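This report describes selected backbone features, a sheet and some helix packing. The sequence and the structure come first.

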Amino acid sequence: MSRYQRHIQLAEIGEKGQERLGKAKVLVVGAGGLGCPALQYLAAAGVGQIGIVDGDQVSLHNLQRQVLFTEADLGKNKAEVAVKKLSQLNSEIQLKSYPFHLNLDNAAEIFSDYDVILDCTDNFVTRYLINDVSLRMGKAMIHGSLYKFEGQMGVFNYQNGPSYRCLFPDPPKPGDVPNCNEVGVLGVLPGLIGILQATEAIKIILEIGDILSGKILHYHLLSHEQRIFEVSRNEQEISRIKAFPFVELVSTNDCQFSDQISLRQLKKTEKILWIDVREEGEKPSISSPDLLSIPLSEFAEKLGLIPSEPKKLIFCQSGLRSQRALAQLKENQIPNCFSLIEGAEEVKKYIQT
């Protein structure tokens with residue numbers, strides 16, 4: 001117990017509290033900007049079992065805020081790297097990686113092994129999936145999200161408290177709410193919000209302090225302004241989710257379309273017209289005789305420039321704006337169009353190889 005001496009010295013924790021932490025099981029969905037700091041402090045605190053779900057690989061642009069990773073980890077799966085790093089921080093706890101994305105088929109099975117779920121994701125499809133499965137299984141969900149210099153954090157589905165759907169019954173339309181891939185985020189902000197998520201998890205385990213159940217803490221980094229907004233429990237919305245015979249993936253979302261495609265699905269021999277819907281001056285710059293640049297802000301006016309053939313792949317920084325452009329193309333019955341899952345950096349690499 002000497003590792004946790006500073007915890008044990010606190011009357012509110014003591015040896016019994018530390019033992020409770022050692023028996024707790026916490027799942028962190030997303031080992032990115034929010035997940036990295038949350039995982040480090042949960043591991044350091046001695047949470048006995050920690051699961052990590054993430055199907056992404058470490059990229060160079062992650063290192064600005066995902067402080068668990070280094071340049072030596074580039075190209076490796078985030079969940080697997082996180083387990084290796086955290087085991088060096090605390091060899092006394094159990095760590096398990098789930099090196100794939102959370103989905104309808106695996107969410108309930110994974111959640112069943114844990115007491116508290118941290119939503120450290122950056123897309124609404126996964127966020128609503130976490131909420132709905134947590135609600136149906138009676139597990140607390142600790143939510144965190146970011147926007148430029150602002151972050152928010154709250155606790156849902158805790159002891160019959162409000163659910164995330166009580167605040168937002170339905171997800172926004174595709175592209176309405178940009179994420180940090182689109183607008184950027186100051187690197188220290190995810191650290192602050194992720195630590196707050198870990199704090200609430202520890203408070204829930206120890207049953208101490210005021211849990212932010214049904215509340216949203218909003219923090220603005222530039223002004224240090226903090227506000228807490230209360231969320232009322234919506235019985236009708238909660239009953240609707242619980243009563244449905246199965247968990248349903250949200251269909252109006254920011255990252256899943258039937259007309260999405262990945263670079264991995266392409267053949268180098270096929271003819272492709274690349275359509276870049278980023279605004280002028282966005283990096284990286286890409287040049288190719290097979291590339292057409294039409295900023296989304298001008299897209300509706302320039303639809304006449306887009307030919308019926310060949311196959312057209314629309315891309316931006318992360319896939320949000322490309323989906324909005326795709327919707328316009330479909331409305332105008334322009335065929336053979338797809339929104340690319342990957343962003344501009346990956347497109348540049350693909351074109352240049």
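Asn160 sits in the loop between β6 and α7, where helices (H or I, at least four residues) and strands (E, at least two) are DSSP runs numbered from the N terminus. The model is predicted: local features need pLDDT of at least 70, side-chain atom pairs count only at pLDDT 80 or more, and totals for chains, interfaces and linings use all residues. Residues are numbered from 1 along each chain as its sequence is written, and side-chain values use heavy atoms, with hydrogens and water left out.

Asn160 is exposed, with a relative accessible area of 62%; exposed means over 50%, buried under 20% and partly exposed in between (1.4 Å probe, protein chains only). The loop between β6 (150-156) and α7 (164-167) also holds Asn157, which counts as buried at 7% relative accessibility. Most residues other than glycine have a negative phi, and most peptide bonds are trans. The table lists the phi values of these two residues.

| Residue | Phi |
|---|---|
| Asn157 | positive, about 60 degrees |
| Asn160 | positive, near 65 degrees |

The bond from Lys283 to Pro284 is cis, with omega near 0 degrees, and Pro284 belongs to the loop between β10 (272-276) and β11 (291-293). The bond from Glu309 to Pro310 is cis, with omega near 0 degrees; Pro310 is found in the loop between β11 and β12 (311-315).

Next comes the sheet. Eight strands form an open sheet with mixed pairing, in the order β3-β2-β1-β4-β5-β6-β7-β8; two strands pair if DSSP finds at least two bridges between them. Its edge strands, β3 (94-98) and β8 (225-230), each pair on one side only. On average, neighbouring strands of this sheet are turned by 15 degrees against each other, direction ignored. Angles run from 0 to 180 degrees between N-to-C directions, and axes are lines fitted to C-alpha atoms, for helices over the stretch in contact.

Strand β1 (residues 25-29) has four of its five residues buried, so it is largely enclosed by the rest of the structure. Five bridges pair β1 with strand β2 (residues 49-53) in the parallel sense, and Val26 stands opposite Ile50 in β2. β1 also runs parallel to strand β4 (residues 116-119), joined by four bridges; there the bridge partner of Val29 is Asp119. In contrast, strand β7 (residues 215-220) and β8 pair in the antiparallel sense over six bridges, with Ile216 opposite Phe229 in β8.

Asp119 is also one of the residues touched by Arg127, contact meaning heavy atoms within 4.5 Å. Others include Met141, His143 and Tyr164, and residues up to four places away in sequence are not counted. Arg127 lies in helix α6 (residues 124-137) and is buried, with a relative accessible area of 5%.

Two packed helices are described by the angle between their axes and the distance between the axes. For helix α3 (residues 35-45) and helix α4 (residues 78-89), the angle is about 35 degrees and the axes are 9 Å apart. Leu39, Gln40, Ala43 and Ala44 of α3 meet Ala82, Leu86 and Leu89 of α4 in this contact. By class, six of these residues are nonpolar, one is polar and none is charged; Ala, Val, Leu, Ile, Met, Phe, Trp, Tyr, Cys and Pro count as nonpolar, Asp, Glu, Lys and Arg as charged, and the others, Gly among them, as polar.

Helix α9 (residues 188-206) lies across β1, β4, β5 (140-147), β6 and β7, running at about 170 degrees to β5.
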